[in-house]
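Biologist: Could you walk me through how the strands and helices of this protein are arranged, one step at a time?

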Amino acid sequence: MNRYLAIILTVLYGTEIHAIQLAPRLVVNITIDQLRSDYMEAFSPLFNANGFRRLLNQGTVFEAASYPFTPVDRASAIATLSTGTSPYYNGIISTRWLDRNTLRPVFCVDDAQHFASPARLMTSTIGDELKVSTHGASIVWSVAATREAAILSAGHAANGALWIDEKTNQWKSSTYYTTTSSEWLKAYSNVSQNISENKQLINDVVMKMAIQAVNSCSMGHDEVSDMLCVTLSAAKPTGYVTNWQTEMESVYMQLDNTLGQLVSGIEKIVGAEHVLFVVTSTGYADEGYTDLSQYRIPTGTFYINRTANLLNMYLGAIYGQGRYVETCYKNEMYLNHKLLEQKRAGISEVLSRSQEFLVQNAGVADVYTTERLLNGNNDILKLRNGFSPTLSGDIIIEIAPGWQLLNEDTQETFTSRAGFVPFPVIFFGAGVKAERITTPVTVDRIAPTIAKSIRIRAPNACSSEPLF
């Protein structure tokens, strides 16, 4: 009897070990800023065998991906990818937003104590959950050209986040993660190429540091899963592309080569069968301003400060004189809540009257108030997901397509364009089968998919189901 029991236990124990071994030893999250499927398709004949072509042919490719909120920028996109939830929950509504207390813009990862940290990221990331599930045994690093990309990818519990300092072109980190630099990092701190003269070389510099991190930190060398987050860029080389085919062709060819080197370099260190690569885009595109009037396309300029002054006069006529709109930032207006209390003006009524007044202005497509967003239906769900009741303005103005919003005080401009940016989600390696899936998916499902593959919990605000 004991013999049969021993056999059964051996089989069960062996099955458990086998299951653990099936989990990838290393997950490599590759986010490519402003990557577009249409450009990938246009330049696909120029790609080599080891970059995009290999991933698209041998990986599981979700062709129609999108973000579940709007507007999207680099910071809000990367925070969503790492947390598996929208800015409404993770707190990163943009790269910069207005601090209600100081009425000054704040940067999403600025930190008075550590210079930069994930303190404003309000939920856990997939890397955080990996650290928790392994009691800190997993190794988690992030490498990017910018500090917001590095830190928001890394999360709160990572071993470190590395980015390139804009002034010195040197690798930089934060004392939030470690107070002393590793010896390997000190030895590799110099950015060898002159990226100040050729910004397209940044991808290669990031790629080499990512491979160095895997090698020096012995990532993927045991059965405890590790994670590396890498941010590359497919952004335009200059502010406005005059000939998209010529200029973007060079960007995508170099990116394809860099991606191929990154994948093959990590596979050589860890073993192709032990690495899961996840590749996607930040899902937006920076576009330079074009004077549409010369092409007789409807356009115009919406002056937000001038409009705020008119709204103050309108509300003053109803509730008494005062500066009801305290300030404006981007396309948002912030109300003076203390003044409203003094005037005993109900916030719901003020918001409703403001919406009725603003929507009549030329260049305004729609007006969204805090109350409308919080109580809204599914037709405005994407806007609500990109909004935070504690960080966003009380009034958000949607400018008509083609129009430009101008802040007269700061001279900052914002151009409205309701364009769709197509991009994929690619899973490659570690037993992933070759498959093309055309069903539309949202990127908040990437984090729970990774969590399932390495057998850990999804981030604590992630309610989306895995992709497979």
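Biologist: Which residue in S19 is the bridge partner of valine 279?

Modeller: In this predicted model, strand S11, which covers residues 275–281, is joined to S19 by three bridges, and the two run antiparallel. Within S19, the residue that is the bridge partner of valine 279 is isoleucine 426.

Biologist: Which residue stands opposite isoleucine 426 in S19?

Modeller: S19 is also joined to strand S2 (residues 60–66), here by four bridges and again with an antiparallel run. The residue that stands opposite isoleucine 426 is valine 61.

Biologist: Turning to the open sheet of four strands, which strands stand at its edges?

Modeller: The order in this sheet is S13-S14-S16-S15, with antiparallel pairing. Two of these strands have a single partner strand each, so one side of each is left without a neighbour in the sheet. The strands at the edges are S13 (325–329) and S15 (364–369).

Biologist: Which helix lies across S14, S15 and S16?

Modeller: Helix H11 (residues 304–319) packs on the sheet by touching S13, S14 and S16. The helix that lies across S14, S15 and S16, running at about 175° to S15, covers residues 347–358 and is H13.

Notes. Residues numbered from 1 in each chain as written. Predicted model: local features only at pLDDT ≥ 70, side-chain atom pairs only at ≥ 80, totals over all residues. Heavy atoms only, no water. Pairing = 2+ DSSP bridges. Contact = heavy atoms within 4.5 Å. Axes fitted to C-alpha atoms, helices over the stretch in contact; angles between N-to-C directions.
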